[in-house]
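Please look at the sequence and the structure below, and keep both in view while you read. The explanation goes step by step, from the whole chain to single residues.

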Amino acid sequence: MNYDRRLILVGSICGIAGCIIFLGVAGLLEQLYWQPKFQSLIKSTGDFLSIMGSSPYRQISMGSHLLGAFALLLLAAGFIGLNKMLSYDKKRVTVTIGYTFGVLASVIMVAMSIVQGTTMTKMGKLFLESTPNQGEMILYLYRGLRYIDYGLDIAFDIFFFSAWILLGYAMLNHKYFGKIIGSIGIMLFTVTATLNLWAAPNPPSLELSPVCCLWILVVYIQALRSAKKISFRNDPVMF
């Protein structure tokens, strides 16, 4: 099989898997954090840290953050495959810049997810083991540390949304994507970027990430379907 075709296929499969894992983790955390039993326990930051430092919430939280990081690692591979898909016939500046931004965004989110999960669980464990005076100091330190992942989240948003707006633009006149998929992507990520950056560093009042993830899933499915139709030289390739 040709190298370029293999790269598109592997990248598309990684992208699809990354989207599915991300949606699964988001759904799991939504069910966990918003269940009445969990909400009834949270009255303050101290209560939250006490829960994050105890079983089974500590394991669930750290595990979900690691899964989220793995999902973004897969999406980084997806960007590499999509770059080859969108530039199979000719090189496009928007594609090169967009895919580079996408890989950078994925790396930032992998770091942010691990930092966030580690901070929550480790600070929670320290809070449980602390004296009252130490507990106040840990709460103060925890609130400060959380601004680190807030900043990383904003950096991720800037790179990630810019990447998909540029890639959406490249899809407008692409043979295997077209104006419908491309224009939906541009509008969706422009609106999401506006909402997220306007509300920064706090989360937006309207969360469109699941909708964006579904659109990305459609893009990678289309890339996977279309890879078999592209004419490449049949050069052998090995992993």
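This is a predicted model: local features need pLDDT of at least 70, side-chain atom pairs count only at pLDDT 80 or more; totals for chains, interfaces and linings use all residues.

The protein chain has 8 helices and 0 strands, so that, read from the N terminus on, its elements run α-α-α-α-α-α-α-α. Taken along the principal axes, the C-alpha atoms of the protein chain fill a box of roughly 70 × 40 × 30 Å. Of the 239 residues of the protein chain, 45% count as buried. Among the contacts in the protein chain with a separation of 6 or more, 79% are made by residues 24 or more positions apart.

An annotation can now be laid over this picture. In an unreviewed UniProt entry, the annotation "transmembrane region" covers residues 7-29, 62-82, 94-115, 147-169, 176-199 and 205-224. For one of these spans, residues 7-29, the model shows 100% helix and 0% strand, with the end C-alpha atoms 33 Å apart. The span of residues 147-169 is likewise 100% helix and 0% strand, and its end C-alpha atoms lie 33 Å apart.

The next topic is the aromatic side chains. A pair of aromatic rings is described by the distance of the centres and the angle of the planes. In this model the count comes to 14 aromatic pairs. In one of them, the rings of Y147 and Y150 have their centres 5.4 Å apart and their planes at 90°, and because an angle over 60 degrees counts as edge-to-face, this pair is edge-to-face. Y147 and Y150 are 3 residues apart in helix α6 (residues 132-171), which means that about one helical turn separates them. Y147 counts as exposed because its relative accessibility is 54%, whereas Y150, at 28% relative accessibility, counts as partly exposed.

A second pair is formed by F189 and W215, whose ring centres are 5.5 Å apart and whose planes stand at 70°, so this pair is edge-to-face too.

From rings we turn to whole helices. Two packed helices are described by the angle between their axes and the distance between the axes. The axes of helix α4 (residues 57-86) and helix α5 (residues 93-128) come within 9 Å and cross at roughly 175°. Because angles over 145 degrees count as roughly antiparallel, α4 and α5 are roughly antiparallel to each other. Sorted by class, the contact of α4 with α5 has 17 nonpolar, 12 polar and 1 charged residues.

Where in the chain is A227 found? A227 is found in helix α8, and it counts as buried because its relative accessibility is 0%. Leaving aside neighbours within four places in sequence, A227 is in contact with R5, I8 and L9. A227 and S12 are 215 residues apart in sequence, and their C-alpha atoms are 9.1 Å apart in space.

Key. Residues are numbered from 1 along each chain as its sequence is written. Side-chain values use heavy atoms; hydrogens and water are left out. UniProt positions are given in the numbering used here, feature names are shortened, and annotations may be inferred rather than shown by experiment. Helices (H or I, at least four residues) and strands (E, at least two) are DSSP runs, numbered from the N terminus. Rings of Phe, Tyr and Trp (its six-membered ring) pair if their centres lie within 6.5 Å; planes under 30 degrees apart count as stacked, over 60 as edge-to-face and the rest as tilted. Buried means under 20% relative accessible area, exposed over 50%, partly exposed in between (1.4 Å probe, protein chains only). Axes are lines fitted to C-alpha atoms, for helices over the stretch in contact, and angles run from 0 to 180 degrees between N-to-C directions. Angles under 35 degrees count as roughly parallel, over 145 as roughly antiparallel, 65 to 115 as roughly perpendicular and the rest as oblique. Ala, Val, Leu, Ile, Met, Phe, Trp, Tyr, Cys and Pro count as nonpolar, Asp, Glu, Lys and Arg as charged, and the others, Gly among them, as polar. Contact means heavy atoms within 4.5 Å.
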